[in-house]
Amino acid sequence: MPELEGEGLANTTQTLKTPLNFAGSRLDQALAQLFPSYSRSRLSALVKAGDVTLNGETAQPKTRLIGGEAITIHLKSRPEETAFLPEPVPLVVVHEDADVVVINKPPGLVVHPAVGNWSGTVLNGMLYRYPQTGHVPRAGIVHRLDKDTSGLMVIALNEAAQLSLVRQLQARSVSRRYIALVRGLLDQDGTVDAPIGRHPRDRIKMAVVNNAEYGKPAVTHYRVLEQFRYHTLVECRLETGRTHQIRVHMASIGFALEGDSVYGKGVKGLTPTLQGAVAAFNRQALHARRLAFEHPASGKTIEFEAPIPADMETLIEAVASV
């Protein structure tokens, strides 16, 4: 009986005759024996997608064989199998040396491949621009920004630098300051010290959880920079770096970020002009403006600042004009 290993056959077409002793077997059962490196569910999906034919005709997983048929199968790579490949993704580099690179991530750019975004990420761009990061876990990425959050990130170029940065993050010694435009009039500085975990009902969201057993410690310090008629511009300083931390914490105290449809509702009573400006801003108003950390090699503290991007500046100007 011929046997084809699945490894190395991605995005290739193979044709073979089924052994006569396969007579009476189901197509999906035969494929499982011919291609043992692929799961039955994956092979069945290929059949249903029309990527497997019997004597040139499409078939179903339950189709019975008579033996001797010509099976043609087009083996496709799954997106996640090609996720960690170099791609010429443009990266705005603020600083680079032998150990670290600091980038200013634009809004809309995903940091790490995941469901729905298997390519075109910061990780793919790092592998392309800095091939040596292929030998570093997660291509040197030690912290992330949400897709629609802009601003500064530090990325390690070797394992020693990555270990240093991870330890600094764990020790909460990395300084990360964000600019956020929140809905409502916040009139004093403060701190939100509340654990964050998965939302109990909506699993794609995060939430402040009452029982620390179901969440991770999270601390956000906020400082009022300027009040407007309907909004407040604040600086948020992270001690921890939980998923959606600033968005969740500010919403939990009643001041959700403008543009954040996941954790807040829009402000009512806006002027028509301001309504238009808010509608045109299709992301959360959050920018990682300042970043400081101890350089892994020199031990000296280095600091960086990234200007507020044009779309957020336009929104702030609109908010300030009413």
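## A tour of pockets, cores and a cavity

Start with the largest pocket: 37 residues line it, and those nearest its centre are Arg144, Asp146, Arg242, Thr243 and His244. A pocket here is an open set of points on a 1 Å grid over the protein atoms alone, with protein on both sides within 12 Å along at least five of seven lines, and lining residues have an atom within 4 Å of a point.

Before going on, a word on what you have open. This is a predicted model, in which local features need pLDDT of at least 70 and side-chain atom pairs count only at pLDDT 80 or more, while totals for chains, interfaces and linings use all residues. Residues are numbered from 1 along each chain as its sequence is written, and side-chain values use heavy atoms, with hydrogens and water left out.

**Around the largest pocket.** The pocket holds about 1200 Å³ of space, a volume being the space filled by probe spheres set on grid points that are joined across faces, edges and corners. Helices (H or I, at least four residues) and strands (E, at least two) are DSSP runs, numbered from the N terminus. By class, the lining has 15 nonpolar, eleven polar and eleven charged residues. Here Ala, Val, Leu, Ile, Met, Phe, Trp, Tyr, Cys and Pro count as nonpolar, Asp, Glu, Lys and Arg as charged, and the others, Gly among them, as polar.

**The domains.** Now colour by domain: domain 1 (12–76), domain 2 (79–171) and domain 3 (172–321), with bounds from an automatic or database domain assignment. The C-alpha centres of domain 2 and domain 3 lie 22 Å apart. Their contact (heavy atoms within 4.5 Å) takes 25 residues from domain 2 and 25 residues from domain 3. The lining of the largest pocket also draws at least three residues from each of these two domains.

**The largest nonpolar core.** Next, select Val122, Met126, Ile155, Tyr178, Cys236, Ile246 and Met250, which touch the most other members of this 33-residue core. Such a core is a set of buried Ala, Val, Leu, Ile, Met, Phe, Trp, Tyr and Cys residues joined through side-chain atoms within 4.5 Å, where buried means under 20% relative accessible area (1.4 Å probe, protein chains only). Helix 3 gives the most to this core, with four residues. Zoom in on Ile155: leaving out residues up to four places away in sequence, Ile155 touches Asp99, Val100, Val101, Ile103, Val122, Met126, Ala139, Gly140 and Ile141.

**A cavity.** Strand 14 gives the largest share of its lining, three residues.

**Over to helix 2.** Which residues of helix 2 (residues 40–48) are buried? They are Arg42, Leu43, Ser44, Leu46 and Val47. Show helix 1 (27–34), strand 2 (52–54) and strand 4 (70–75), which are among the elements that cover them. Just after helix 2, stop at Gly50, which takes a positive phi of about 85°.

**Last stop.** The second largest pocket holds about 200 Å³. Select Arg183, Gly259, Asp260, Ser261 and Phe281, the closest to its centre of the 17 residues that line it.

Terms used:
Buried means under 20% relative accessible area, exposed over 50%, partly exposed in between (1.4 Å probe, protein chains only). On a 1 Å grid over the protein atoms alone, a cavity is a set of points where a 1.4 Å probe fits but cannot get out, and a pocket is an open set with protein on both sides within 12 Å along at least five of seven lines; lining residues have an atom within 4 Å of a point.
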